[in-house]
Amino acid sequence: MLESVNDTLELFLVVALLGTGVWLTLRLGFVQLRKFGHGLAVVAGRHDDPNAVGEVSHFQALTTALSATVGIGNIAGVAIAIHWGGPGAVFWMWVTAFLGMATKFAEVTLAQRFRVRDAAGQVSGGPMHYIEQGLGPRWRPVALFFAGALVTMALVSGNAIQANTLADLAETTFGVSPWVVGLISSALVGAVIVGGIGRIGQVTGVVAPVMAALYVLGGLAVVGLHADMVLPS
């Protein structure tokens, strides 16, 4: 059943994602290139305003997003893509990443434009908000569907896969029982989550840069160990 659903949606999703990226890239005048320097300045904190509405800094917001990207997307996803698609998959990942920058820019801009603040002063935003507020109340069912799909994705393709990988690695390498790893990881994650987005931002602001550095250094180490295979003989 999953294969039939995948075959049905595969072409549509590829055209929709890449097509949207192409349209936004042209419509926004190659914002990926024009605003790249400004993006680095924002992340570096040059435009931080201590009186601005929000619970995390620009850098913490970035690391919170990266914390869910480094791993499933950059490691497991890339490895699977290269395994099934060969070296050519890398080129198309580059193309998708470049076009995806424009899509992400539009998405984040809309999330900022239509974000809301509750009575306690906490700010929330995202597609579920700008779908309903930007397109109108008639689109509320789509916003609710997106929110439900997001929760399902976070539980299945996010936490479940990462927890399973961690438990499997710990058992295979160190002989640690999976339930012990699950208990410890659940306790650590729970301690972070109960603190809200503020604590999540503080933790990811430290952990995510370390993850990114290890990822890049690990990739360079693999390339260095197989330098004789980088270029064809």
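Trainee: Where is the place of Asp228?

Mentor: Asp228 sits in the segment after H10. The model is a predicted one.

Trainee: What makes Asp228 count as exposed?

Mentor: The relative accessible area of Asp228 is 64%. The exposed class begins over 50%, so Asp228 is exposed.

Trainee: How many Å separate the C-alpha atoms of Asp228 and Arg138?

Mentor: Those C-alpha atoms are 59 Å apart, and the two residues lie 90 residues apart along the chain. The C-alpha atoms of the protein chain fill a box of roughly 55 × 45 × 45 Å along the principal axes.

Trainee: Which residues make the contact?

Mentor: H9 contributes Ala191, Val192 and Ile193, while H10 contributes Gly196, Arg199, Ile200 and Val203. By class, the contact of H9 with H10 has 5 nonpolar residues, 1 polar and 1 charged. Gly counts as polar and Arg as charged.

Trainee: How many aromatic pairs does the count give?

Mentor: The count comes to 1 aromatic pair. Phe91 and Trp92 form that pair, with 5.1 Å centre to centre and 75 degrees between the planes.

Trainee: Why does Phe91 count as partly exposed, and why does Trp92 count as exposed?

Mentor: Buried means under 20% and exposed means over 50%, with partly exposed in between. Phe91 has 45% relative accessibility, so Phe91 is partly exposed. Trp92 has 52%, so Trp92 is exposed.

Trainee: How do you know that Arg113 lies over the face of Phe114?

Mentor: The distance from the ring centre is 4.8 Å. The rule asks for CZ of Arg within 6 Å of the ring centre and within 35 degrees of the ring normal. Arg113 is listed as lying over the face of Phe114.

Trainee: How many helices and strands does the protein chain have?

Mentor: The protein chain has 10 helices and 2 strands, in the pattern α-α-α-α-α-α-β-β-α-α-α-α along the sequence. Of its 233 residues, 14% are buried.

Notes: Residues are numbered from 1 along each chain as its sequence is written. This is a predicted model: local features need pLDDT of at least 70, side-chain atom pairs count only at pLDDT 80 or more; totals for chains, interfaces and linings use all residues. Side-chain values use heavy atoms; hydrogens and water are left out. Contact means heavy atoms within 4.5 Å. Helices (H or I, at least four residues) and strands (E, at least two) are DSSP runs, numbered from the N terminus. Rings of Phe, Tyr and Trp (its six-membered ring) pair if their centres lie within 6.5 Å; planes under 30 degrees apart count as stacked, over 60 as edge-to-face and the rest as tilted. Buried means under 20% relative accessible area, exposed over 50%, partly exposed in between (1.4 Å probe, protein chains only).
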